[in-house]
Amino acid sequence: VTTVGAVLTRHRDRLQDEVDRQPRMISFLNRLIEREEGVMPYQVTTKELPAQHIAMIRCRSTAATISGDVGSGFARVGAAVAASGIPFVGPPFLVMPEVIDEETPGEIHVGFPVAAPFPGDGDVVGAEVPALTVASTTHRGPYDEVGPAYHTLQGWSQEHGHEVAGPPREVYLTDPETTPDPADYLTEVQFPIR
């Protein structure tokens with residue numbers, strides 16, 4: 001395949017992904033509309049997260065590249081942690097300290113909680129996240145359809161008199177390698193609050 005052919009094929013595949021996504025979003029919106037007990041199908045809880053050692057990588061991303069950037073980030077962090085011999089102690093996470101949309105790139109942090117301080121390996125760094133209180137909800141479905149969970153947490157925080165005290169985070173509770181259907185992905189969305 002020529003270079004032009006490869007570019008056109010990638011563009012076609014992106015358009016097809018968007019076409020495939022539309023019926024899922026319409027179905028999701030219909031389910032929201034038909035709910036009697038409220039608009040959003042998300043239950044919000046608060047929880048206290050203890051201080052935690054992490055290994056992570058920071059990078060710039062865009063709305064168009066975030067999926068690939070997150071995947072390659074997890075691979076790099078996972079390899080560095082495995083090489084260090086420090087055990088993983090939880091599922092992978094994504095933190096977005098900046099808003100990323102179609103027009104605006106931003107920084108993302110991708111990583112894993114680990115059992116002990118991670119010494120660092122190139123651009124994979126160790127840190128300790130302080131204890132946090134978070135408002136939390138779980139989204140079931142494709143990653144790119146998680147937006148309503150964010151809106152729910154934002155509204156819940158305001159209604160309950162909380163201030164958002166840090167960037168939101170996504171914790172990936174299922175592994176796409178063992179959960180092949182995106183409709184079954186579970187993503188916990190957390191808003192640090194005070």
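I worked from a predicted model, in which local features need pLDDT of at least 70, side-chain atom pairs count only at pLDDT 80 or more, and totals for chains, interfaces and linings use all residues. Residues are numbered from 1 along each chain as its sequence is written, and side-chain values use heavy atoms, with hydrogens and water left out.

**Thr137.** I found Thr137 in strand E6, residues 132-140 (strands, E, of at least two residues and helices, H or I, of at least four are DSSP runs, numbered from the N terminus). Its relative accessibility is 2%, so Thr137 counts as buried (under 20% relative accessible area; exposed is over 50%, partly exposed in between; 1.4 Å probe, protein chains only). A polar atom of the Thr137 side chain lies 2.9 Å from the backbone oxygen of Gln43.

**Salt bridges.** I noted five in the structure (a side-chain nitrogen of Lys or Arg within 4 Å of a carboxyl oxygen of Asp or Glu). One of them joins Arg76 and Asp123 at 2.0 Å, N to O. Arg76 sits in helix H2 (residues 66-84) and Asp123 in the loop between strands E4 (106-114) and E5 (124-129), 47 residues apart. Arg76 is partly exposed at 40%, and Asp123 is partly exposed at 41%.

I then looked up Asp184 and Arg140, whose closest N and O atoms are 3.6 Å apart in a salt bridge. Asp184 is in the loop between strands E7 (169-172) and E8 (186-192) and Arg140 is in strand E6, so the pair ties together parts 44 residues apart in sequence. Asp184 is partly exposed at 35%, whereas Arg140 is exposed at 51%.

Conventions. Polar contact = N/O pair within 3.5 Å; in protein donor to acceptor, adjacent residues only side chain to side chain.
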